[in-house]
Amino acid sequence: MSEFTYKRILLKLSGEALMGANEYGIDPAVPQRIAENIRPAWEGGVQIAVVVGGGNIFRGVSGAAAGMDRAQGDNMGMLATVINALALQDCFERNGMACRVMSAIEMREVAEPYIRRRAIRHLEKGRIVIFAAGTGNPYFTTDTAAALRACEIDAQVLMKATKVSGIYDADPVTNPDAKKFDTITYAEVLNRGLKVMDATATALCQDNHMPIMVFSMEESESFAKALRGEEVGTTVVEGKGE
């Protein structure tokens, strides 16, 4: 019997997390640390899907603010997520972890096209699946892509890795009195305007009863602990009437 509570999960990583101490791009030490963190769960039979952002390379919103067409900027951002996905795949495979990249924008020379049933089959065969290129559409964030893919593959939980140890009522970096929540409802997240995921992603999870777990990947063994059902980070759950 597996020591892990969850059988199939989706892990959302930000592109910025891959920068490490750099100002942009990918710090090779970060994908290696991610691989080491998820290996125990992967070896334990947990089916792992990943969505990674592209903010370390390009962010559509900042491009739009500088005068670029928003849709064009978002298309560039989606391509940036493919670069990050390929970097993660390379690292995982060098660590002996079977992995596939599936892209919402077709580019068969470097990634498989996203097909839901094929993605689930990869997971069932013990392969990590990285979903790249967001939803394939501009105006949707990688948070929304993560929520969508988590629902499509019937994940038991959407796990969002952040730089802080959970959800707080204020920014814990600038406010030492910020209070951390162990659990919070979707409605509270939306009503308070908490920066967990964007509103579209949160509402999609709410509508499909998809729990969101927010935790810090930088804390030792936090990923494995969360999968074992230990209290790690903050979980967004349904409230009464939701």
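The legends below describe close-up views of a predicted model. Residues are numbered from 1 along each chain as its sequence is written, and side-chain values use heavy atoms, with hydrogens and water left out. Because the model is predicted, local features need pLDDT of at least 70 and side-chain atom pairs count only at pLDDT 80 or more, whereas totals for chains, interfaces and linings use all residues.

**View 1. The buried face of helix 7.** Helix 7 spans residues 199-207, and its buried residues are Ala-201, Thr-202, Cys-205 and Gln-206 (buried means under 20% relative accessible area with a 1.4 Å probe, protein chains only; helices are DSSP runs of H or I with at least four residues, and strands are runs of E with at least two, numbered from the N terminus). Seen down the helix axis, these buried residues fall within an arc of 135°, so they line one face of helix 7; the arc is that of the directions from the axis to the C-beta atoms. Their cover includes helix 5 (142-152), strand 6 (157-162), helix 6 (186-192) and strand 10 (212-216), where contact means heavy atoms within 4.5 Å.

**View 2. The two ends of helix 7.** At the start of helix 7, a side-chain oxygen of Asp-198 comes to within 3.0 Å of the backbone nitrogen of Thr-200. After helix 7 comes His-209, with a positive phi near 55°.

**View 3. Loops on either side of helix 5.** Most residues other than glycine have a negative phi. Tyr-139, although not a glycine, has a positive phi of about 75°, and this residue lies in the loop between strand 5 (128-132) and helix 5. Tyr-139 counts as exposed, at 52% relative accessibility (exposed means over 50%). In the loop between helix 5 and strand 6, Asp-154 has a positive phi of about 60° and is likewise not a glycine.

Note on methods:
Polar contact = N/O pair within 3.5 Å; in protein donor to acceptor, adjacent residues only side chain to side chain.
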